[in-house]
Amino acid sequence: MEKRNYTVSVYTENNLGLLSRIAAIFLKRHINIESITASQSEVNEVMRFIIIVEVTEEQVKKIVGQIEKQIEVIKAFYHKDDELIYQETALYKVRSSDFVQDFDIQSFIKKTNARIVTVSPQFFVIEKTGERHETESLYEKLKPYGLMQFVRSGTIAVSKNEMPISEILEKFNTSNTIE
């Protein structure tokens with residue numbers, strides 16, 4: 001089987017230590033996590049982890065099965081890239097003097113669909129939201145011009161198709177509020 005990128009979505013209760021137990025599942029299988037993001041889900045008190053890995057489909061199925069065995073996990077899914085709408089955000093801190101000397105800043109930013117977040121005499125902070133290849137491309141363009149700092153968020157994603165998770169989460173939320 002061929003390795004490819006899979007996005008694993010894990011819906012959980014908000015409990016301490018769960019992230020480390022989920023990460024240990026990947027560690028035991030010697031699978032590198034490319035990206036991980038945690039946030040509140042569409043249902044109150046339910047967290048969502050989005051984990052990007054490069055594995056075979058057989059491996060991702062086993063991983064999802066192991067993750068679902070964790071008591072606090074409500075449901076886990078995996079998706080291929082073409083089944084998702086996904087984005088990430090990157091911030092680039094660039095020396096003002098180097099950047100302004102070689103580029104018309106407004107034109108450059110406009111062409112990349114990025115935006116300037118902060119301007120000071122010493123540096124600019126530029127924000128770019130898009131797919132990984134877009135944030136990496138801007139990184140490569142800025143690198144020769146005094147790139148002082150760079151940070152990229154984990155991938156965030158929603159499925160293109162309706163998922164049964166909303167009903168599951170609502171039932172979970174209802175059963176937890178009755179207590």
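In the hairpin of strands β2 and β3, 5 residues lie between the strands, and E45 takes a positive phi near 70 degrees. Welcome to this predicted model, in which local features need pLDDT of at least 70, side-chain atom pairs count only at pLDDT 80 or more, and totals for chains, interfaces and linings use all residues. Residues are numbered from 1 along each chain as its sequence is written, and side-chain values use heavy atoms, leaving out hydrogens and water.

**The sheet**

- Four strands form an open sheet in the order β2-β3-β1-β4, with antiparallel pairing; strands are DSSP runs of E with at least two residues, helices are runs of H or I with at least four, and both are numbered from the N terminus.
- β2 and β4 (73-80) stand at the edges with a single partner strand each, so one side of each has no neighbour in the sheet.
- From one strand to the next, the twist averages 15 degrees; axes here are lines fitted to C-alpha atoms, for helices over the stretch in contact, and angles between N-to-C directions run from 0 to 180 degrees.

**Strand β3 and its partners**

- β1 (residues 4-13) pairs with β3 in the antiparallel sense over 10 bridges, where pairing requires at least two DSSP bridges between two strands.
- Y6 has V53 as its bridge partner in β3, and Y11 has R48.
- On β2 (residues 33-40), the antiparallel pairing with β3 runs over 7 bridges, and A38 stands opposite F49 of β3.
- β3 (residues 46-55) is largely enclosed by the rest of the structure, because 9 of its 10 residues are buried (under 20% relative accessible area with a 1.4 Å probe, protein chains only; exposed is over 50%, and partly exposed is in between).

**The helices**

- The buried residues of α5 (residues 132-142) are T135, L138 and L142.
- These three cover an arc of only 60 degrees around the axis, which puts them on the same side of α5; the arc is taken from the directions that run from the helix axis to the C-beta atoms.
- An α-helix has 3.6 residues a turn, so residues three or four places apart point the same way.

**Confidence**

- The protein averages a pLDDT of 88, and 88% of the residues score at least 70; pLDDT is the predictor's confidence in each residue, from 0 to 100.
- Confidence is highest in α2, at 96, and lowest in α6 (residues 165-178), at a mean of 64.
- Where pLDDT is low, the predicted coordinates should not be read in detail.
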